[in-house]
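Hello,

Here is the structure we spoke about, handed over for your own use. My notes on what turned up in it follow below.

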Amino acid sequence: MRNLKVLDISYNNLMGSLPQCFSKLTSLECLDLSSNQFSGNISTLKNLKSLRELSLSNNFEIPSSLGPLFNLSKLYNIDADNNTIYVETEMHSLAPTFQLKHITLSCCGDIGSFPQFLYHQHDLRYVDLSNINLIGEFPIWLLENNTNLHTLNLANNSFLGRFKLPFLSHGDLSYLDLSQNSFYGNIPNEIGAKLPSLSFLNMSENYFGGSIPVSIGDMNYLMILDLSNNKLTGGVPEHLAMGCFSLNVLVLSNNRLQGKMFSSNFNLINLEELRLAQNRFSGGIPDCLSNCSFLSTLDVSTNQLSGEIPRWMKNLSHLSTLDLSHNKLVGEIPRWMGNMSSLEEIVMSHNHLEGPIPMEFCQLNVNLKLLGLSVNNISGNLPSCFSPLWISQVHLSRNKLQGPLTNAFSNSTILVTLDLSNNHITGNIPNWIVRLSQLSYLLLNNNHFEGGIPIQLCNSQQKNISYTYKGRVLTCLSGIDLSCNKLTGEIPHEVKNFQKILVLNLSYNSLTEPIPPTLSGLKQIESLDFSRNNLSGKIPSQLVGLYYLSFFSVAYNNLSGSTPDRTAQFATFEESSYQGNPFLCGAPLPKNCSTSRPTSSMSKASTDNGLIDMNFFYVSFVVSYVMVLLAIASVLYINPYWRRAWFYHIEVGITSSYYFLEEYILPERFHCGNM
């Protein structure tokens with residue numbers, strides 16, 4: 001084995017520390033130990049003087065100085081990402097004998113300052129030092145000392161200060177990632193001249209300010225540009241839109257850019273991904289984008305765009321993600337959008353769109369995965385043929401949809417969120433919802449549903465699968481909101497089957513019968529709202545076992561008996577959770593549950609002998625009342641001034657009563673009105 005030159009034992013389940021016999025493989029030139037379960041240090045490798053390429057990924061504890069490898073003079077390639085990188089207590093003062101061309105130390109560690117051995121390297125081509133919490137300023141010396149460097153990845157560290165460029169132009173650097181650091185100040189204006197060969201530039205998630213440098217337009221090879229999540233101002237330079245003709249991905253989201261997106265001078269015809277969300281762009285969606293025939297992602301959400309959705313968009317045959325949400329767009333949803341068969345995500349919520357959902361959307365049943373049209377003025381019925389097979393998110397809340405929920409979404413069996421709240425949908429809750437076995441959130445509140453809660457819904461077999469939507473983890477079944485409808489009948493005892501549910505809101509309906517004790521089986525529930533119904537009977541004492549409950553309300557029903565014991569979570573609920581139940585008693589209500597009886601009335605004898613003649617009292621009261629009314633009428637008839645004053649005060653009283661009703665009584669009565 002002494003003559004062995006190549007040893008590859010990667011992607012096994014080897015464990016333990018490296019055996020000492022490895023030190024005898026003195027002819028070894030290439031060693032790959034990656035993706036095993038080794039532990040310990042790498043000191044065993046210090047005698048492998050012939051070693052040229054070394055891969056240690058996903059295994060060891062490695063000192064940031066690479067001290068055990070200093071004497072390997074032929075070593076030029078080190079892959080050591082996804083290890084535990086640590087700082088030695090005793091630093092090596094000597095320079096290493098190797099001259100590296102390729103090094104990756106990405107993840108994981110807390111190194112601090114730059115490893116000293118890097119100051120002695122002059123032929124580096126590829127450097128990945130991401131995710132190891134390096135501190136200090138941008139290492140301009142790394143570029144100046146290594147003129148052949150083509151890849152530099154310093155993402156997700158703790159660099160701060162201004163980004164500086166080398167004194168001379170660096171013609172070989174093609175990949176630069178400075179994202180997720182704390183650089184500030186302006187991006188240098190001469191970046192295009194000093195780094196002309198960049199094809200990948202990511203400076204996102206920093207604190208860069210000022211305008212986008214015009215010289216970026218000189219980067220003719222640039223394919224990916226990400227300057228998102230900074231504090232950039234101004235607009236998109238026209239020279240960038242003309243000069244970066246190789247650009248495939250442009251991401252400028254979450255800045256302070258303004259004005260029109262692009263002028264008519266536009267040459268980014270190779271764009272595949274355009275993300276300009278969360279800026280202050282105004283005007284219409286520019287017509288110049290009609291030339292981007294390869295565009296697959298267009299996200300211009302959260303701007304101040306106006307006008308209608310342009311007709312030329314139907315020619316973007318590769319478009320799969322369209323996000324126009326949070327703008328000021330008007331007009332109807334275009335019917336031709338249903339012919340864009342590649343669309344997977346349509347998000348146009350928070351605009352001023354109107355009219356119905358086109359029947360042509362039924363042609364999107366094959367590929368559509370997300371539909372977001374909330375907070376618009378969309379009306380009409382949901383097309384019964386619209387039931388995308390692979391859709392997981394439906395957000396149609398706060399519109400003017402009407403009619404019954406027929407077969408729309410009946411075949412969307414992997415639906416995770418169905419939000420139809422705040423519309424005018426009528427009829428019964430359909431039984432086909434039981435087939436949505438991966439449903440996580442069912443929001444049908446503030447509609448006009450009637451009938452009972454389908455028992456089949458409670459019997460559905462929810463799979464224990466998690467999904468992520470906009471940063472939130474959704475677990476089946478996490479929430480049901482059927483509030484503010486016209487539902488009748490009882491709360492099904494089978495609701496106990498919602499083992500994973502977190503939120504259940506059935507308030508503002510006409511539900512009757514007692515609260516089922518089986519609710520005590522919802523061990524993970526955090527919010528339970530049954531207020532404003534016609535529930536009767538006692539509150540089940542078993543509910544005190546719901547230890548995660550943070551909100552509970554059974555207010556304004558016909559419940560009786562005592563409130564649950566004030567233990568665990570129920571010790572935190574105040575009077576508002578129980579008020580409006582006349583026959584309910586016990587803390588925290590002011591009415592206690594004592595059995596005291598009212599005192600007996602006076603005996604008939606004492607009344608007869610007594611203190612007052614009731615017949616005489618009634619007659620005298622009526623006569624006095626009539627005389628007062630006649631006196632008031634006579635005075636008002638004789639004195640016109642008092643008459644006008646009287647009617648003035650009557651009018652003021654009526655007006656005050658009206659506004660009192662409007663402000664305090666009617667909002668409470670019509671709490672469930674659509675918004």
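**Aromatic pairs**

F70 and F98 are both buried. Please keep in mind throughout that this is a predicted model. The rings of F70 and F98 form an edge-to-face pair, with 6.1 Å from centre to centre and 85° between the planes. F70 lies in the loop between β6 (61-63) and β7 (77-79), and F98 in the loop between β8 (84-86) and β9 (102-104), so the pair ties together parts of the chain that are 28 residues apart in sequence.

Y175 and F200 make a stacked pair, at 4.1 Å centre to centre and with 5° between the planes. Y175 is in strand β14 (residues 175-177) and F200 in strand β16 (residues 200-202), so this pair too links distant parts of the chain, 25 residues apart. Y175 counts as partly exposed because its relative accessibility is 26%. F200, at 14% relative accessibility, counts as buried.

Across the whole structure, a search finds 18 aromatic pairs. There is also a cluster in which ring pairs link F114, Y119, F138, W141, F159, F163, F183 and F208.

**Charges over rings**

The charged end of K101 sits over the ring of Y76, 5.8 Å from the ring centre. The charged end of R532 is placed over the ring of Y556, at 3.7 Å from the centre.

**Cysteines**

How many disulfides does a search of the whole structure find? The search finds 3.

C107 is buried, its relative accessible area being 18%, whereas C108 is partly exposed at 35%.

Another disulfide joins C362 to C385, with an S to S distance of 1.8 Å. The link of C362 and C385 is right-handed, with 70° about the S-S bond. C362 lies in the loop between β29 (352-355) and β30 (370-372), and C385 in the loop between β31 (377-380) and β32 (393-395); the pair links distant parts of the chain, 23 residues apart. With a relative accessible area of 14%, C362 is buried. C385 counts as partly exposed, at 32% relative accessibility.

The disulfide between C585 and C593 has an S to S distance of 2.0 Å. The link of C585 and C593 is right-handed, with 110° about the S-S bond. C585 counts as buried at 11% relative accessibility, and C593 as partly exposed at 37%.

C292 counts as buried, with 0% relative accessibility. C30 is another cysteine to note: C30 is partly exposed, with a relative accessible area of 24%.

**Around S421**

S421 has its place in the loop between β34 (417-419) and β35 (424-428). Is S421 buried or exposed? At 6% relative accessibility, S421 counts as buried. Leaving aside neighbours within four places in sequence, the contacts of S421 are L396, S397, R398, L443, L444, N445 and N447.

Regards

Key
Residues numbered from 1 in each chain as written. Predicted model: local features only at pLDDT ≥ 70, side-chain atom pairs only at ≥ 80, totals over all residues. Heavy atoms only, no water. Phe/Tyr/Trp six-rings, centres within 6.5 Å; stacked < 30°, edge-to-face > 60°. Helix = DSSP H or I, 4+ residues; strand = E, 2+ residues; numbered from the N terminus. Buried < 20%, exposed > 50% of the residue type's maximum accessible area, 1.4 Å probe, protein only. Lys NZ or Arg CZ within 6 Å of the ring centre and 35° of its normal. Contact = heavy atoms within 4.5 Å. Disulfide = S-S within 2.5 Å.
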